[in-house]
Amino acid sequence: MKTRWYKDAVVYQIYPRSFCDGNGDGIGDIRGIISKLDYIKSLGVDAVWLSPVYKSPNDDNGYDISDYRDIMDEFGALDDWKEMIEGMHSRGIRLIMDLVVNHTSDEHAWFVESRKKDSNYRDYYIWRKGRGKNGKKPPNNWTSNFVGPAWEYDEQSGEWYLHLFSKKQPDLNWENPKVRQEVADICNYWFDLGVDGFRCDVITYISKRDGLPNGKLKFPLIGNENYIVGPNYHKYIRELNERSFSRYDSMTVGESIGITPDNAFEAIDESVGELDTVFSFDHMGVDFKMNVIPAKFNLAKYKKILDKWQQLPKTCQPTIFLENHDQPRCLPRFSGDYGDKRELAGMALAASMLFMRATPYIYQGQEIGMTNCDFRQEDYQDIMSVNALKMIKRVCPILLPYARKVLLKRARDHARTPMQWTAGENAGFSTVKPWMKLNPNYKEINVEDSESREDSLLNFYRKALAYRKGKDVIICGDFKLVYPKSKDIFAYVREYHGKRLFVIVNFKNKKVDFKLPKDLTFNNCSLALNNYADASKTLKDMKLREYEALVYEL
Ligand code: NOJ
């Protein structure tokens with residue numbers, strides 16, 4: 001029976017490689033996570049989304065899986081994982097695993113077999129003959145999300161295979177019913193071990209258009225109109241839901257580029273039996289043109305995008321996030337130049353998201369206000385950054401300084417610097433030098449310091465999470481933006497059966513006038529949450545201070 005527990009849940013995302021190293025090899029692991037379960041519990045979150053921990057050669061840090069039923073050596077063993085999930089469940093925390101099934105690793109046994117032309121596994125992947133004389137040109141013009149063509153030539157069979165990500169991540173052929181059954185079996189294997197749900201990686205890419213036609217340039221990719229929410233997407237997800245998700249009290253969240261508020265009903269409405277929720281990325285694009293070129297953040301545009309999701313029928317549950325392992329840190333991305341007000345800015349961002357009608361996701365480190373890192377070129381580790389730099393060096397070296405500037409704003413590496421636990425050696429992340437550059441600001445920004453101050457960002461998250469728990473007005477109340485066009489203030493009213501919540505957030509590092517909306521009437525009002533100790537107890541016309549955040553009950 002589906003209880004839809006996720007409607008009143010807050011999820012904490014762990015990127016295991018960078019969370020906590022339990023065995024002193026410089027790489028985060030499962031024993032490290034186990035050692036931090038009390039910390040995670042103390043935040044007041046209800047579930048953890050764990051980025052992939054399966055066996056993997058790590059071309060894309062675990063998003064290239066070579067065995068879906070076992071744990072990566074660097075992270076520990078299945079017994080450690082069992083101890084971890086038990087530790088979570090005994091603390092009332094659910095576990096959402098990452099389901100990466102658009103592609104596998106090229107080291108997965110299926111692909112190793114599939115390379116043989118006459119193997120039963122040949123059709124598990126997407127193999128095609130090349131174009132041109134001798135077939136030495138790729139079958140079509142699609143490009144990979146990680147730069148370069150989306151096809152790799154295989155000498156052994158004289159054919160090409162499709163990889164929408166790195167060439168070590170061959171795409172599975174979902175047209176093959178055996179592949180679809182394998183995926184359902186994998187999900188059920190983990191459900192039977194106790195997991196509570198899945199975050200489904202690039203799930204909207206699984207169905208490719210018939211004939212794999214040439215694509216148009218949609219900067220920075222060619223051809224993605226031929227595989228985003230492709231012709232059989234809904235059919236395949238419904239089938240998977242029927243064979244797996246619906247049999248457990250589970251929750252699913254799809255990484256779902258291409259699902260928009262206009263077509264979300266078909267994908268996540270409770271009546272359709274597909275996924276429960278999706279991540280949409282439109283609000284993450286507000287400070288980038290074409291998803292790559294840095295642009296000025298526009299709050300009005302940002303609110304308009306989020307508002308469209310809020311207005312979906314109550315049978316469609318939105319999600320909200322400001323960070324994940326593929327995004328730069330939200331400070332100063334959405335807060336501008338915060339100067340000495342980093343934590344106030346972090347609280348403003350937290351307050352803006354946590355009271356929407358949505359399942360909120362908090363990414364490790366966001367709760368202490370971790371920031372982007374001042375990387376040098378040689379510090380980048382992520383395959384996407386490394387490939388982009390290589391390509392620019394080869395094709396247009398004159399653009400290198402610009403590319404470096406873009407990476408300083410955009411690179412996925414920013415979210416992957418080790419978690420900052422203490423001001424001590426290696427930020428308390430590990431006893432040895434971590435696998436990836438530590439942000440040198442760990443001396444000031446770390447959990448230990450945040451714990452020691454009542455008014456820290458970390459404690460603000462705790463208060464906010466404790467406050468929102470179980471409140472109908474937050475779980476399912478109507479959402480109405482106040483001053484939608486304001487470029488400084490993010491304010492909204494939530495309403496449910498006569499109960500109202502008024503959230504006001506100054507997004508800027510300057511004082512801003514706030515006038516009570518003319519049509520707002522109320523008799524009683526009480527201040528529920530604030531980030532300045534001497535905040536106004538009543539809702540009235542006021543001058544909001546820098547990054548001031550206020551939540552009133554009316
Ligand atoms: C989306 C994941 O979030 C990202 O980290 C990964 O590189 C790609 N999918 C490919 O699996």
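In which sense do β7 and strand β8 pair, and over how many bridges?

A: β7 and strand β8 (residues 159-162) pair in the antiparallel sense, over four bridges. The model is predicted: local features need pLDDT of at least 70 and side-chain atom pairs count only at pLDDT 80 or more, while totals for chains, interfaces and linings use all residues. Residues are numbered from 1 along each chain as its sequence is written, and side-chain values use heavy atoms, leaving out hydrogens and water.

Helices (H or I, at least four residues) and strands (E, at least two) are DSSP runs, numbered from the N terminus; two strands pair if DSSP finds at least two bridges between them. The open sheet has three strands in the order β6-β8-β7, with antiparallel pairing. β6 (127-128) and β7 (151-154) stand at the edges with a single partner strand each, so one side of each has no neighbour in the sheet. Across from Tyr-161 in β8 stands Glu-152.

Tyr-161 is buried, at 3% relative accessibility, where buried means under 20% relative accessible area, exposed over 50% and partly exposed in between (1.4 Å probe, protein chains only). Trp-127 is also buried, at 7%. Trp-127 and Tyr-161 form an edge-to-face aromatic pair, 5.5 Å centre to centre with 70 degrees between the planes. Trp-127 lies in strand β6 and Tyr-161 in strand β8, so the pair ties together parts 34 residues apart in sequence. Rings of Phe, Tyr and Trp (its six-membered ring) pair if their centres lie within 6.5 Å; planes under 30 degrees apart count as stacked, over 60 as edge-to-face and the rest as tilted.
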